[in-house]
Amino acid sequence: MSDPNAPISSEELSHTEGLEGWRQVDEGLVTIIETGGFSRGAALLPEIARVADELNHHPDVDVRYGEVVIRTTSHDVGHITSRDVELARRISQIANRAGTPSQAPNVDPGRGPDLPEA
């Protein structure tokens, strides 16, 4: 069995299935789930929280009107690991079941994800 704390390179990520709609930003994976409204986005959180607790790996979640921005990274080791990949895949499954597939954010390398102003 591979080490769950081993880093996953950008090259490996580009060949990893199940990460459609996710993009590497710095040392994490980021997606935006377009929801069309705040309540619909908030409704995704209980299932995301359940999966995060099950995997004992918890993402950063930002619920905004019309979208949910999610970032996962392995803070304890400082890079993307298989734990992030598994969590991202599971979150994508949740979003797809809800009819709100995730999409990769536009990224400006100098400033990170191109997200709406807070």
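A salt bridge is taken here as a side-chain nitrogen of Lys or Arg within 4 Å of a carboxyl oxygen of Asp or Glu, and R50 forms one with E54, the closest N and O atoms being 2.9 Å apart. The model is predicted, so that local features need pLDDT of at least 70 and side-chain atom pairs count only at pLDDT 80 or more, while totals for chains, interfaces and linings use all residues. Residues are numbered from 1 along each chain as its sequence is written, and side-chain values use heavy atoms, with hydrogens and water left out.

**Confidence**

- The protein averages a pLDDT of 87, and 89% of the residues score at least 70; pLDDT is the predictor's confidence in each residue, from 0 to 100.
- Confidence is highest in helix α3 (residues 45-55), at a mean of 97, and lowest in strand β7 (residues 112-113), at 46; helices (H or I, at least four residues) and strands (E, at least two) are DSSP runs, numbered from the N terminus.
- Over residues 109-118 pLDDT stays under 50, and the model has 17 contacts for them beyond four places in sequence, a contact meaning heavy atoms within 4.5 Å.
- Where pLDDT is low, the predicted coordinates should not be read in detail.

**Salt bridges**

- The structure holds 7 salt bridges.
- R50 and E54 both lie in helix α3, 4 residues apart, or about one turn of the helix; R50 is partly exposed at a relative accessible area of 41%, and E54 is partly exposed at 48%, where buried means under 20% relative accessible area, exposed over 50% and partly exposed in between (1.4 Å probe, protein chains only).
- D76 pairs with R83 in a salt bridge whose closest N and O atoms are 2.9 Å apart, and D76 counts as exposed at 57% relative accessibility.
- In the salt bridge between R90 and E86 the closest N and O atoms are 3.9 Å apart; R90 is buried, with a relative accessible area of 17%, whereas E86 is partly exposed at 30%.
- Salt bridges that share partners join E47, R50, E54, E86, R90 and R97 into one network.

**Nonpolar core**

- A nonpolar core is a set of buried Ala, Val, Leu, Ile, Met, Phe, Trp, Tyr and Cys residues joined through side-chain atoms within 4.5 Å.
- The largest such core has 18 residues, of which L13, L19, W22, L29, I33, I70 and I91 touch the most other members.
- Elements that give two or more residues to this core are β2 (28-34), α3, β4 (67-72) and α4, with α4 supplying the largest share, 6 residues.
- Not counting residues up to four places away in sequence, L13 touches I8, L19, Q24, L29, I80 and V85.
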